[in-house]
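Here is a short tour of the structure shown below. Have a look at it first, then read on for how the copies meet and what one chain looks like on its own.

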Amino acid sequence: QSNLQLYGRLDVVVDSVRFKGTPNSVSVTDLSTDTSYWGVRGREDLGAGLKAFFKLESGFSVDTGAQGSATQFFNREAYVGMGGNFGSVQLGSQYTPALWITTKVDPFQRSANGAIFNLMQQNGGNRQRGYLLLQNNALQYVSPDVKGFSARAMLGLSEQTAAPRDVGEFRSASIEYSQGAFYGGFSIEDLKIASTPAGAAWSNKTVTLGATYDLRTVKLYGYLLKNTLTNSRDAEGYMLGLTYPVGAGTVRASYSAREVDGIAGSKASVMALGYTYDLSKRTTLYTSYALLDNGAASNMGLWPSSKTHGLPATGQDVRSIEAGIRHFF
Amino acid sequence: QSNLQLYGRLDVVVDSVRFKGTPNSVSVTDLSTDTSYWGVRGREDLGAGLKAFFKLESGFSVDTGAQGSATQFFNREAYVGMGGNFGSVQLGSQYTPALWITTKVDPFQRSANGAIFNLMQQNGGNRQRGYLLLQNNALQYVSPDVKGFSARAMLGLSEQTAAPRDVGEFRSASIEYSQGAFYGGFSIEDLKIASTPAGAAWSNKTVTLGATYDLRTVKLYGYLLKNTLTNSRDAEGYMLGLTYPVGAGTVRASYSAREVDGIAGSKASVMALGYTYDLSKRTTLYTSYALLDNGAASNMGLWPSSKTHGLPATGQDVRSIEAGIRHFF
Amino acid sequence: QSNLQLYGRLDVVVDSVRFKGTPNSVSVTDLSTDTSYWGVRGREDLGAGLKAFFKLESGFSVDTGAQGSATQFFNREAYVGMGGNFGSVQLGSQYTPALWITTKVDPFQRSANGAIFNLMQQNGGNRQRGYLLLQNNALQYVSPDVKGFSARAMLGLSEQTAAPRDVGEFRSASIEYSQGAFYGGFSIEDLKIASTPAGAAWSNKTVTLGATYDLRTVKLYGYLLKNTLTNSRDAEGYMLGLTYPVGAGTVRASYSAREVDGIAGSKASVMALGYTYDLSKRTTLYTSYALLDNGAASNMGLWPSSKTHGLPATGQDVRSIEAGIRHFF
């Protein structure tokens with residue numbers, strides 16, 4: 001049991017949120033929670049360069065102790081894999097290739113209220129114009145690093161026995177490149193979803209492109225996303241950001257936006273400014289300010305306030321100021 | 001990961017319960033479970049006298065393997081804290097200041113069917129005339145020990161955006177003193193609850209006072225509780241108890257009662273006698289006898305039989321004889 | 001905390017399933033999961049030959065990360081025990097005596113789609129003509145090994161306060177014998193269930209007899225089950241199997257069948273052929289083929305495809321070909 005590890009993260013914030021305008025302006029102070037989880041992971045050396053490994057991870061909320069999902073306890077990946085020089089193969093419930101790019105090109109590290117996923121990630125209901133976070137019943141190949149390049153390919157099985165049998169099927173691939181001060185990643189994915197009215201499955205395709213460039217001190221971040229959906233207009237998103245180290249701390253800023261082509265008022269944007277201060281490798285204090293500007297036809301939410309209060313009304317803007325602590329174990 | 005700890009407690013009992021009188025007398029033998037949990041906790045030394053720490057704890061039943069709460073998996077505290085010479089600050093889902101006093105003044109150590117919380121603790125529905133156990137969205141300050149004195153202050157945020165916005169808000173403080181053979185604790189709390197009919201929030205206030213005195217061999221225990229609720233009569237409770245060591249074992253006895261002022265038949269009392277025997281620091285055998293006497297207008301329950309059978313009928317008495325094993329890991 | 005252990009198993013398979021005939025033939029490829037769990041167990045030496053021990057184990061699905069039960073989190077035993085030269089006593093939610101015999105006489109080790117429990121184990125609803133897997137509120141005595149003999153006796157309490165008060169009561173005992181190349185086990189159990197129409201509880205009795213004989217290289221397996229239910233015809237099942245080691249791998253084969261006496265079309269049978277290959281003590285690759293033949297009045301399912309697709313239609317046959325990986329930690 002050499003490589004068995006119990007690990008986790010607790011992230012809790014005091015969050016002052018203001019919902020502006022329609023129907024009424026209201027300010028509220030929450031104790032909220034950002035990405036928090038615990039898990040077990042391990043690895044076994046099988047000899048001849050082969051290894052087996054697994055991960056089980058469960059999300060929860062520090063403010064209430066509630067599990068992240070009522071039914072999917074290990075809702076942050078559950079898989080077994082085997083690997084070697086050829087790369088590795090993983091079977092189970094897994095993050096999509098697109099997810100891994102966002103972990104590298106988000107100045108806010110997918111946390112705090114400037115997180116890139118606010119506008120870019122699929123989030124249930126009709127908020128489906130973005131990359132998918134997690135895919136059940138997934139087979140994934142992860143390549144080794146070859147001269148800075150690495151790649152992923154994933155197939156998520158639909159497991160349907162009734163027509164249309166491809167509803168739920170997911171295919172995705174990504175390629176990433178890292179060299180010196182530069183990182184770039186590209187992903188493409190296609191999720192088959194039920195059509196309205198019922199009939200042949202629709203294709204929900206998302207392409208993402210992310211990059212960072214480290215100018216020393218200042219580091220630049222960029223992200224582009226394009227989503228096409230059968231019988232719908234295209235949707236696009238982008239993000240520009242930077243980080244700037246100040247002593248043991250880092251200033252973080254980003255501007256992101258998404259809209260559906262030719263739909264008036266569909267644009268939403270998030271402007272965010274933050275500061276993180278590392279007390280140690282495991283413990284970080286942070287603060288951030290973010291303003292979500294929803295167009296007249298948009299009702300995107302701002303994490304993590306959307307956890308407590310749900311989505312704002314259509315067209316309603318949200319402002320958040322937060323201060324929190326993040327602790328890894 | 002120096003201070004990471006996986007820990008827990010399993011407590012299982014054979015419980016012979018008798019429900020007396022209305023509607024019918026019935027005796028039943030259960031395999032039941034007392035306080036059982038598992039958790040993960042850790043601490044990190046940040047230097048300069050500072051530390052970060054966390055706790056995640058989940059309750060369950062040994063007799064069925066069921067989790068304590070369907071939605072709140074870590075239902076026995078989930079928090080992150082930072083501390084130093086100044087004391088510590090904790091953010092998350094936490095036990096109230098009043099809880100910690102009961103852990104010290106209950107001859108039955110909050111276990112077995114003489115446990116102090118039977119009559120003193122809020123327990124949902126209209127059984128709200130007591131101290132609160134756990135508060136979500138809570139900020140807590142815990143003082144260091146200063147010449148035997150220590151204090152706690154807690155604020156639980158309501159997070160409401162609609163009027164009355166203070167419903168759910170919780171404020172509490174406690175002070176405890178320990179010197180030689182004496183321990184004393186005092187707590188005050190105020191939970192805002194929804195009024196009937198709807199309107200301004202009602203104030204549900206509880207004051208508790210607990211003390212123990214160790215006469216060598218015999219140790220004495222006492223507890224007083226007073227609850228005031230807007231538009232309601234006051235409620236009071238008290239407990240007197242003692243423990244007496246016998247070899248590796250301890251005899252335990254208590255009498256507790258609560259009633260609402262001027263409400264005929266509202267009095268409930270629990271008389272309990274028990275014996276615990278420590279096989280080791282981690283494993284204890286125990287037995288206890290308890291009689292719950294419900295007044296004509298009272299339907300308090302007796303733990304842990306109330307877990308299996310729910311509350312008795314109004315006015316129904318409950319007698320329990322149990323023998324169990326408690327094991328810490 | 002000397003003997004505290006965090007452990008588990010992940011078992012994930014690619015499963016090509018064919019549902020034949022009525023209503024329509026359909027083939028589907030799944031990522032499915034076989035028996036997977038994580039748990040915590042520990043033991044404490046109490047001196048004088050005494051020990052205390054516990055087990056908490058929770059099942060889950062690797063393909064989705066879902067917990068095995070929405071309400072019973074530790075759904076694969078939760079108990080505390082004490083033991084010594086006299087054997088041990090265990091209190092909690094526990095596997096039945098009959099279960100332990102199936103772990104030894106199943107050529108497929110209770111896994112893959114040839115698993116013995118497909119036809120032999122109670123499985124809810126009207127599929128109750130087999131041994132019970134798990135019993136809550138159970139007291140169990142486990143004997144020490146005496147010259148190859150060992151025994152178990154279990155009482156599961158009904159905890160009913162309303163008539164018929166014995167509904168849910170469970171009594172079982174087993175005796176096992178192991179000597180050289182031979183293993184044999186015998187179990188008897190009686191579960192009281194609600195009658196239709198309501199009245200005195202019905203008795204659901206199951207007797208099982210299992211044995212293995214190791215001829216070196218080839219090992220033979222046999223199993224017999226007889227179930228009697230008040231006011232119903234008897235049901236019988238049997239299994240014959242063998243394993244044959246080939247290098248680091250093992251060929252596995254079995255044929256099992258069950259039917260209700262004198263009910264035309266009630267017969268179901270499973271024919272299975274498999275191969276397991278141990279990459280290490282902890283990691284195994286495997287493949288298997290199985291054909292479930294349901295009689296015209298039978299709708300037994302084939303694990304693990306029944307997890308994803310539920311039971312087949314009455315009379316429908318199921319064929320499965322799977323390849324998977326099993327990893328212990």
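## How the copies meet

This is a predicted model. Only 9% of the interface residues of chain A are also interface residues in chain C, so these copies meet through different surfaces.

## The symmetry

Two copies of a chain are related by a rotation about an axis and a shift along it.

## Chain A on its own

Chain A is built from three helices and 17 strands. A compact globule of 329 residues would have a radius of gyration near 20 Å, and chain A agrees, with 20 Å. Along its principal axes, the C-alpha trace of chain A spans about 65 × 55 × 40 Å.

What share of the 329 residues in chain A is buried? The figure is 57%. Take the contacts in chain A between residues at least 6 apart in sequence, and 54% of them join residues at least 24 apart.

## Surface and charge

Chain A has about 12,900 Å² of accessible surface, and carbon and sulfur atoms account for 56% of that. As for charge, chain A carries 30 positive and 26 negative side chains, with the centres of the two sets 2 Å apart.

## A closer look at Gly114(A)

Gly114(A) sits in the loop between helix H1 (97-105) and helix H2 (117-120) of chain A. Is Gly114(A) buried or exposed? With a relative accessible area of 2%, Gly114(A) is buried, because the cut-off for that is under 20%.

Leaving aside neighbours within four places in sequence, Gly114(A) is in contact with Asp106(A), Phe108(A), Ser254(A) and Ala272(A). Gly249(A) is 135 residues from Gly114(A) in sequence, and the two are 17 Å apart in space, C-alpha to C-alpha.

Notes: Residues numbered from 1 in each chain as written. Chains lettered and ligands numbered in written order. Predicted model: local features only at pLDDT ≥ 70, side-chain atom pairs only at ≥ 80, totals over all residues. Heavy atoms only, no water. Contact = heavy atoms within 4.5 Å. Helix = DSSP H or I, 4+ residues; strand = E, 2+ residues; numbered from the N terminus. Rg over C-alpha atoms; globule rule 2.2 N^0.38 Å. Buried < 20%, exposed > 50% of the residue type's maximum accessible area, 1.4 Å probe, protein only. Areas by Shrake-Rupley, 256 points an atom, 1.4 Å probe, with all protein chains shown as cover. Lys, Arg positive; Asp, Glu negative; His and termini not counted. Charge placed at Lys NZ, Arg CZ, Asp CG, Glu CD.
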